[in-house]
Amino acid sequence: MAWTQTDGNRTSALPAWLTPVAGGAILVGAIGTGAGLASQVREETWWILLLNFLYWTGLAQGMLVCSAAFRTAQASWEAGPNRIGRSTLGFLAFSVPAFLVLWTGRTHWLTWVGQSLPEKAWWLNEPFFLGRNLLALVLIALVSAAFVGAYRKAESLPESAKPAHHHRLNVLAIMLAVAYALTYTLFGFDLMMSLDPHWYSTLYGAYFFVSTLYLAMAAMILIAALVREPLGLEAHLGPRQFQDMANILLGFGIFTTGLFFAQFLTIWYGNLPEETSHLIPRLYQYPWRGVAWAVLFGAYLGPFALLQVPSQKANPKYVRWPALLVVCAMGLERWIMIVPSFTTERLAGLHPFALSSGLIFLGVFVLVVVRSLSKRPQVSQMDLELTLSD
């Protein structure tokens, strides 16, 4: 049943068809993924399952962290965007069992399993690998739940208790931001860089968590542009909010591009085989070279150019297009960073069965966001008080 809100003569609601369509996507995705795991594309199905886990979990967690960052900065314009960011909490509960399912197929995607790596054995061993990544995932989910729970608790607090609660929210926001940086640096090293166990880069962890925030900011803009009118949130998701979010998206895009270039430049002038072996198949050799160019223009140069129009940054109908471009292109970026670790000779992972797991993650994400925004569409008074004190 769709949630509705009546404001005078106006009725606002999210489309009722979103829930059954999302449920159908989950069902179709589960059937397709099961078929993939039982067929000749078993390996590719596991690879794309890893890709979807990192993409969607990072997107959901990143949106929450953006809300925490706004809170940490005491941004007076952030009531609407903060509400959008907090809507993804439920997805983190799905991410934990998804990681455990992914772990059952580790022999298909953890390339170092069964290899002799004496110099890295203390770090790349299965018990320690599972323990640290699962613990990090659970801990950041718990901190995220505490952060969102504090906002919900504020709805019933008396005025006298609010100053202390503002402080508690600020502390939780800082904790979440720090936990995110540590956790997603770890994920970058473990779940992506270790797929090519003989390659290493000290910048890779930073690149991974910053690029994930870039993706999350784009998703936040896109969702805000889609739900602001149906939920009647125009007052809190207006021109100022979209302009500020677009500027943040531009900043993250420049930062992400800078980190990639710094990593590329170091590898290029070093010209060491253990470093160049990772980039050459992805950037210079066919068939992945074309994907690399698509990522360059879709994730970096294209959004940068589109966000150079100051008069349009405050226009939700305009800014959603560079945001959509980032959301799509960062999926390609994750694809080219993960799959060539398994095969560089073909564009693997494109079989319909292998791609089916994406429908599961997309469906769960839509269900979580729709349920959250339908149940509590209003912005938090704790954020509105920041606006009033500006």
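**Pockets, core and local features of the predicted model**

In this predicted model, the second largest pocket has a volume of about 460 Å³. The elements that each contribute two or more residues to the lining of this second largest pocket are α9 (239–270), α10 (273–283), α11 (288–306) and α12, and the largest share, six residues, is supplied by α11. The lining of the second largest pocket consists of 18 residues, and those lying nearest its centre are F260, F264, L283, A292 and L296. When these lining residues are sorted by class, 14 are nonpolar, one is polar and three are charged.

The largest pocket has a volume of about 590 Å³. It is lined by 26 residues, of which I223, L226, L362, F365 and V366 are the closest to its centre. At least two residues of the lining of the largest pocket come from each of α1 (18–37), α2 (42–72), α8 (204–227), α12 (316–338) and α14 (357–375), and α14 gives the most, with seven residues. The class composition of the lining of the largest pocket is 25 nonpolar residues, one polar residue and no charged residues.

The largest nonpolar core of the model contains 122 residues, and the members that touch the most other members are F53, M63, I84, W109, F147, M217 and F365. Of the elements that build this core, α8 provides the largest share, with 19 residues. For F53, when neighbours within four places in sequence are left aside, the residues in contact are G58, S95, A98, F99, L102, L137, L191 and F361.

Apart from residues up to four places away in sequence, S95 touches F53, T57 and L137.

Helix α2 has 31 residues, which at 1.5 Å a residue should span 45 Å, and the distance of 44 Å between its end C-alpha atoms agrees with this expectation. Most of α2 is covered, as 27 of its 31 residues are buried. The helix is followed by Q74, which lies in the loop between α2 and α3 (79–86). Phi of Q74 is near 55 degrees, a positive value in a residue that is not glycine. Most residues other than glycine have a negative phi, and most peptide bonds are trans. With a relative accessible area of 36%, Q74 is partly exposed, because this value falls between the limits of 20% and 50%.

A further local feature concerns a peptide bond. The bond from Y286 to P287 is cis, with omega near 10 degrees, and P287 is located in the loop between α10 and α11.

Helix α9 also contains A262, which counts as partly exposed because its relative accessibility is 31%. A262 and L203 are separated by 59 residues in sequence, whereas their C-alpha atoms are 8.3 Å apart in space.

Notes:
Residues are numbered from 1 along each chain as its sequence is written. This is a predicted model: local features need pLDDT of at least 70, side-chain atom pairs count only at pLDDT 80 or more; totals for chains, interfaces and linings use all residues. Side-chain values use heavy atoms; hydrogens and water are left out. Contact means heavy atoms within 4.5 Å. On a 1 Å grid over the protein atoms alone, a cavity is a set of points where a 1.4 Å probe fits but cannot get out, and a pocket is an open set with protein on both sides within 12 Å along at least five of seven lines; lining residues have an atom within 4 Å of a point. Grid points are joined across faces, edges and corners, and a volume is the space filled by probe spheres set on the points. Helices (H or I, at least four residues) and strands (E, at least two) are DSSP runs, numbered from the N terminus. Ala, Val, Leu, Ile, Met, Phe, Trp, Tyr, Cys and Pro count as nonpolar, Asp, Glu, Lys and Arg as charged, and the others, Gly among them, as polar. A nonpolar core is a set of buried Ala, Val, Leu, Ile, Met, Phe, Trp, Tyr and Cys residues joined through side-chain atoms within 4.5 Å. Buried means under 20% relative accessible area, exposed over 50%, partly exposed in between (1.4 Å probe, protein chains only). The expected span of a helix is 1.5 Å times one less than its number of residues.
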